[in-house]
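The paragraphs below lead through one structure, sheet by sheet and helix by helix. Keep the sequence and the model in view while reading.

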Amino acid sequence: MSAPQHDLLCIGNAIVDVLAPVGQDLIDGLGAAAGSMTLIDAATAHAIESRVDIENVTGGGSGANTAVVAARMGAKVAYLGKVTADETGDHFTRDIREQGITFPSEPLPAADGTPTARCIVLVTPEGQRTMFTYLGACTEFTPEDVHESVVADAAITYLEGYLYDKPQAQEAFEHAARLARKAGRQVALTLSDTFCVERHRAAFHELVAGHVDILFANEAELLALYEVTDFEEAVTQVAAETKLAVITRSEKGAVVIGEGERHDVPTTEVKVVDTTGAGDAFAAGFLAGLSKKHDLVTCAKLGNQAAGEIITRYGARPTETFTLTA
């Protein structure tokens with residue numbers, strides 16, 4: 001087996017993030033649970049944007065955020081996602097390529113294509129983020145958008161759970177996983193969100209059992225996956241079903257279960273400004289550590305550090321190269 005050209009390939013929703021600071025009253029008025037992600041249509045997106053003061057517009061999407069942070073940490077990264085040849089799609093494409101990330105996806109024609117996706121991220125004063133996402137062109141991601149050569153040349157293919165809603169995207173995940181396995185590479189999956197887990201619990205179980213080498217989840221997502229309220233019970237179940245499970249627990253750090261061992265890895269307390277992208281950054285730090293052949297505890301420490309750096313500022317991506325200590 002030849003050496004991979006990329007350490008990491010991320011596949012996910014190609015989205016442009018629109019960030020705005022708001023009060024809790026607006027979140028309540030929109031009928032959303034704080035910290036949740038709600039899927040919306042284009043008209044609703046316009047209506048919400050008209051009620052807020054936009055502070056920042058940047059390339060986004062959970063898997064793309066992971067790709068950018070991993071690249072900033074020195075990993076060789078590629079990304080696959082669906083965009084349209086419109087202004088938003090051009091912004092996304094330009095942004096991710098400027099990060100040194102390989103992005104070979106072909107855009108949909110602007111004239112008859114669905115607009116590129118965007119996510120409105122409303123951030124309350126305590127740093128909690130509530131997301132309203134118009135998926136647009138992301139919903140048209142299919143197995144044909146999975147480049148076999150790119151998958152084969154990536155040590156790890158990382159699948160973003162948010163992309164899993166449409167049947168053709170589910171087929172694309174399985175196709176990518178089969179291609180990765182055929183090439184002797186690894187497959188990672190992030191569960192992304194508790195609501196996402198609840199929508200696709202049975203399918204996620206099948207995907208994890210049949211195709212996934214590394215599972216990323218936060219504590220709430222893991223409890224939702226196994227429909228339990230006790231964390232230790234969920235840990236026991238995931239340990240029996242996966243080769244490597246990585247569970248984040250906010251200020252409690254992370255739990256890593258792999259190679260027949262469990263590691264509880266604490267984190268350092270920081271002042272939270274914006275939790276947007278914390279899980280994405282953690283996965284990036286962990287996977288960047290794996291690409292450098294670090295042990296699992298060190299990978300988790302790097303993940304904790306990356307997440308800690310991200311939540312001390314607005315936005316899900318760093319503005320400079322990360323220099324973290326293993």
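Contact here means heavy atoms within 4.5 Å. Helices (H or I, at least four residues) and strands (E, at least two) are DSSP runs, numbered from the N terminus. The model is predicted, so to speak of local features requires pLDDT of at least 70, while side-chain atom pairs count only at pLDDT 80 or more and totals for chains, interfaces and linings use all residues. Residues are numbered from 1 along each chain as its sequence is written, and side-chain values use heavy atoms, with hydrogens and water left out.

Begin with helices H8 and H9. In H8, Glu219, Leu222, Leu223 and Tyr226 meet Phe231, Ala234, Val235, Gln237, Val238 and Glu241 of H9. The axes of H8 (residues 219-226) and H9 (residues 231-241) come within 9 Å and cross at roughly 75 degrees. Axes are lines fitted to C-alpha atoms, for helices over the stretch in contact, and angles run from 0 to 180 degrees between N-to-C directions.

Two strands pair if DSSP finds at least two bridges between them. S10 and strand S11 (residues 244-248) are joined in the parallel sense by 5 bridges, and Ala217 has Ile247 in S11 as its bridge partner.

Aromatic rings come next. How many aromatic pairs does a search of the whole structure find? The search finds 8. Tyr158 and Phe216 form an edge-to-face pair, with 5.9 Å centre to centre and 70 degrees between the planes. Rings of Phe, Tyr and Trp (its six-membered ring) pair if their centres lie within 6.5 Å; planes under 30 degrees apart count as stacked, over 60 as edge-to-face and the rest as tilted. This pair links distant parts of the chain, with Tyr158 in strand S8 (residues 154-160) and Phe216 in strand S10 (residues 214-218), 58 residues apart.

A further open sheet has 5 strands in the order S3-S7-S6-S2-S4, with mixed pairing. Its edge strands, S3 (37-39) and S4 (56-60), each pair on one side only, and the twist averages 25 degrees from one strand to the next. S3 runs parallel to strand S7 (residues 129-134), joined by 3 bridges; Met37 has Met131 in S7 as its bridge partner. Helix H2 (residues 42-49) packs on this sheet, touching strand S2 (15-21), strand S6 (117-123) and S7, and its direction makes about 35 degrees with that of S6.

Two other helix pairs remain. Helix H3 (residues 62-72) and helix H10 (residues 278-291) have axes that come within 8 Å and cross at roughly 45 degrees, which makes H3 oblique to H10. Ser62, Asn65, Thr66, Val69 and Ala70 of H3 make the contact with Asp280, Ala281, Ala283 and Ala284 of H10. Helix H6 (residues 167-182) and helix H7 (residues 194-211) pack at an angle of about 10 degrees, with their axes 11 Å apart, which makes H6 roughly parallel to H7.

Technical notes: Parallel < 35°, antiparallel > 145°, perpendicular 65-115°, else oblique.
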